[in-house]
Amino acid sequence: MTVYLIRRLFQAILVLLFSSAVIYSLFALAPGGPLDELRQNTDPKSRPSEADIQRQAKLLGADKPWYLWYPTWLAGDTWLDKVGLEQYVGERKGILRWDWGTSWKFQRNAPVLDIIKDKLPDTLWLMITSTIISLVLGIPLGVFSAVRQYSFFDYILTTFSFIGLSLPSFWFGLLIIAVSLWFKRNGWFYFPAGDILALRNYEVPVLGTVVAGSFLDRVMHLVMPVTVLSMLNLANWSRFMRASMLEVLSQDYVRTARAKGVKERVVIYKHAFRNALIPLITIIVFAIPGVFGGALFTETVFNYKALGFTFISALNLKDYPLAMAFLLISSILLVFATLLADVLYTIVDPRIRLD
Amino acid sequence: MAQSDVLLKLKGVKTYFFTDEGTVHAVDGLDFQVRRGETLGIVGESGCGKSVTSMSILRLLGKTGKVIEGEIMFDGENLLDLSEEEMRKIRGNRISMIFQQPTTCLNPVFRIGEQIIEALQIHQGLSGEEANKRTIELLTLVGLPDPVRRMRSFPHEISGGQAQRVMIAMALACNPELLIADEPTTALDVTIQAQILDLMRELREKVNTAIILITHDLGVVAEMAENVMVMYAGRAVEYAPVHALFEAPKHPYTQGLIASTPVLGNVRDELETIPGQVPSLLNPPAGCRFASRCAHRMDQCTQEEPPLIKLEGDRLVRCWLY
C-alpha cells in the first residue's frame with residue numbers, strides 16, 4: 001500500500017507538470033494578451049505610448065517572449081542570466097518555490113493566493129451547503145425510487161430529475177430571481193436576489209429586520225444560489241443512486257438475503273445499500289474539486305462574487321497568473337481526489353486491493 | 001401414507017409473470033408433494049418453470065410474478081395465505097434454499113461468518129458468541145477446512161466449491177425441514193460437483209431434511225433423488241420413482257431427455273436430440289405442449305391436453321399413449 005501510494009505520488013507530480021504546461025500553452029496560443037486593451041484605446045489623448053506599454057509589460061512580467069512564460073511561471077526568472085538571458089532577469093521565484101505571482105488585472109499586483117484566500121470562504125459556504133443538501137436528499141431519493149421502481153413516486157422523481165438536468169442553471173437562476181422580486185413587490189416574504197451579503201440592514205416580512213453581515217443575512221443570500229446548484233446535483237445524484245441500487249437489487253446475493261428470511265428493510269439498507277454506495281464514491285470524491293472551483297454560471301447570475309466568478313473574470317481579463325493558480329489548484333485537487341477515491345474503494349470494497 | 005407425513009403439497013399452482021410483452025405462463029397448473037425426508041428431483045430444460053416453482057414456494061417472485069391460483073400447503077398451512085412477516089419467518093428457517101451460482105450468491109462486502117451468523121440471529125435469536133460457535137460447527141459440518149479462519153474471509157477469497165459449502169451451511173443453519181437446491185452443482189467443476197453431491201447426501205442422513213433438487217442434469221437426479229418429476233413448459237409431464245423412470249421412461253419427452261444424455265464409454269458420433277424448441281410460455285399451444293416436438297403425435301394431441309394418467313407403481317404421466 002505504501003509503495004503504491006509513493007508511486008501514485010510520483011505519477012501525480014508528472015500529471016500536474018504536464019497538465020500545467022498544456023494549460024499554459026493554451027493560454028499562450030489564444031489570441032490577444034493582457035496589454036491589448038491599452039493599445040485599443042481609441043482616444044488618442046489618453047492612449048498610452050508604446051514606452052508606457054513596455055513599462056507596464058515589464059511590471060507584469062509580460063515582456064518576455066512566449067517561450068519563457070511557462071518556465072518563468074514554473075521556476076521564476078531570477079536564474080535567467082545563467083542561460084544567457086540577462087535582459088529578462090526579474091524577482092519572480094516561480095510556483096516551484098511557492099511564488100504564485102500577482103494578479104495582472106483582476107486586482108492589479110495583489111498576490112494571487114491572497115485573492116483566492118479572500119474568496120474561498122464564500123465559495124465554501126455555497127458549495128459545501130449545496131453538496132451536503134444534494135447528498136442528503138439525493139441518496140435516499142434514489143434508493144426510494146429504486147425500491148419502488150415504476151411507482152408513482154418513481155415517475156415523479158424521474159420527471160423532476162429530467163427537469164433538473166435539462167434546466168440551464170442561468171435560466172433557472174433568473175427564473176427564481178424574477179419570482180423572488182415579484183414576491184418582494186407584493187410585500188410577501190422573499191429572498192435577496194443577489195450578492196453574498198447585504199450592505200445595509202433590510203426588512204423581510206415574518207423575519208423582520210435582517211442585520212447586514214449577520215449569519216441570517218448570509219443564509220438569506222445563500223438560499224437561491226444553493227437551490228439552483230442543488231437542483232442539478234440532486235437530479236444527477238439521485239438518478240445515479242437509483243441506477244446503482246437497481247443494479248444491486250437484481251443481484252443474486254440480494255435474493256440470498258431474502259431467502260434467508262432477512263427483513264425487507266434490512267435487505268435494502270444493509271445488503272443492497274452497502275453495495276450500491278460503492279460506485280457513488282467516484283461521484284462524491286469528484287465533487288471535491290468542484291467545491292473549490294465554485295459555480296461559474298450560478299455565481300454570475302446571483303452576483304455571488306466568489307471563486308467561480310473570479311475565475312471567469314480572470315479568463316475574460318486575460319489575468320494569466322490568477323487563472324493559472326485557479327486551474328493548478330483545481331488540477332491538484334482532481335489528482336488527489338482520484339487517489340482518494342482509489343484508497344476509499346479499498347476500504348468499502350473488500351475485493352479491491354492496491355499493490 | 002399418513003397425512004402428517006406429507007411436508008409440502010402443491011395443488012393446481014399457476015405462476016404467471018406479467019410483462020410488457022404479455023402474460024408468461026411460467027408454471028401452469030402444477031401438483032406434487034414432498035414427504036418428510038424425501039428427496040424429489042425436478043428435471044427439465046431451461047425455461048420449463050423449475051426455478052419459478054421454487055421461487056413460488058418461497059414467495060420470492062419479485063414484482064412481476066404472482067401465484068394466481070392454487071395452494072402451496074407446507075406442514076398443513078397454505079403458504080400463499082401467510083402474511084409477509086409470517087412468510088419471512090419460514091424462509092431460511094423451515095424452508096431454505098441454495099442456488100446455482102454460489103459465488104454471486106454471497107454478499108461481496110460481508111465476511112462469510114457474518115452472513116451465516118445473520119441467519120442464526122434472525123431465526124434463533126442466538127447471542128453473538130453462541131452464533132459464532134454454531135457457525136464454526138456448521139462450517140465444520142460442511143467440510144470447509146480451517147473454519148475459524150474461513151469465517152473471516154470474504155466471498156471472493158474462496159473457490160466456487162467452498163462457496164457452495166458456505167451456502168449449504170447457511171441453508172442448514174436453522175435445521176430446515178425442506179431444502180430447495182436449485183441447480184446446486186451446475187456452476188461447479190465435475191470433481192467439485194461430486195463432492196457437493198456427496199456432502200448433500202451425507203447431510204441428508206444427518207439432519208433428515210426433505211430436499212427438492214432442481215436440475216437439468218439427469219445424472220445428478222439418478223444419484224440423489226428418490227422420486228423424479230419431469231417438467232415441460234410449465235407443467236409436470238411425468239412423475240415416477242427414480243429407478244422406474246430411468247428403466248422405463250414413459251413420456252416421449254422423458255425418453256428424449258434420457259436418450260440425449262451421453263453415456264460414458266459409449267462412443268456415438270452424435271447424441272440424440274429432441275427436435276424443435278420449448279413453446280413460448282406467452283401463448284402456450286392448445287393440446288399437449290410437447291406435441292410439436294413429439295415423434296408419437298396423434299390428432300388428439302394437438303386438440304386436447306392429456307390429463308396426468310396414473311400408471312402402476314406410483315407413476316403419473318401426461319400423455320395420450322397410455
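**View 1. Chain A as a whole.** Of the 355 residues that make up chain A, 29% count as buried. Please keep in mind while looking around that this is a predicted model. Chain A contains 15 helices and two strands. Along the principal axes, its C-alpha atoms fill a box of roughly 85 × 65 × 35 Å. Take the contacts in chain A between residues at least 6 apart in sequence: 62% of them join residues at least 24 apart.

**View 2. Helices H7 and H8 of chain A cross each other.** Helix H7(A) spans residues 169-185 and helix H8(A) spans residues 215-249. Their axes come within 10 Å and cross at roughly 145 degrees. The crossing of H7(A) past H8(A) is right-handed. Which residues make the contact? On H7(A), look for Ser169(A), Phe172(A), Gly173(A), Ile176(A), Ile177(A) and Ser180(A). Their partners on H8(A) are Met224(A), Thr227(A), Val228(A), Met231(A) and Leu232(A). Sorted by type, the residues of this contact are seven nonpolar, four polar and no charged.

**View 3. Helix H5 of chain B, from end to end.** This helix covers residues 128-141, which gives 14 residues. From its first C-alpha to its last, H5(B) reaches 20 Å, close to the 20 Å expected at 1.5 Å a residue. Just after H5(B) comes Gly143(B), which takes a positive phi of about 75 degrees.

**View 4. The buried residues of H5(B).** Four names to find here are Ala131(B), Thr135(B), Leu138(B) and Leu139(B), the buried residues of this helix. Why do they sit on the same side of H5(B)? They do so because they cover an arc of only 95 degrees around the axis. In chain B, these buried residues pack against helix H4 (112-124), helix H6 (147-150) and helix H7 (160-172).

**View 5. A closer look at Ala131(B).** You can find Ala131(B) in helix H5 of chain B. Is Ala131(B) buried or exposed? Ala131(B) counts as buried because it has 21 C-beta neighbours inside 10 Å, and the cut-off for a buried residue is 20 or more. Leaving aside residues up to four places away in sequence, Ala131(B) touches Ile117(B), Leu120(B), Gln121(B) and Leu126(B).

Note on methods:
Residues are numbered from 1 along each chain as its sequence is written. Chains are lettered from A and ligands numbered from 1 in the order in which they are written. This is a predicted model: local features need pLDDT of at least 70, side-chain atom pairs count only at pLDDT 80 or more; totals for chains, interfaces and linings use all residues. Axes are lines fitted to C-alpha atoms, for helices over the stretch in contact, and angles run from 0 to 180 degrees between N-to-C directions. A crossing is left-handed if the near helix is turned anticlockwise from the far one by less than a right angle, and right-handed if clockwise. Two residues are in contact if their C-beta atoms, placed from the backbone, lie within 7 Å. Ala, Val, Leu, Ile, Met, Phe, Trp, Tyr, Cys and Pro count as nonpolar, Asp, Glu, Lys and Arg as charged, and the others, Gly among them, as polar. The expected span of a helix is 1.5 Å times one less than its number of residues. A residue is buried if 20 or more other C-beta atoms lie within 10 Å of its own, exposed if 12 or fewer, and partly exposed in between; C-beta atoms are placed from the backbone. The arc is that of the directions from the helix axis to the C-beta atoms.
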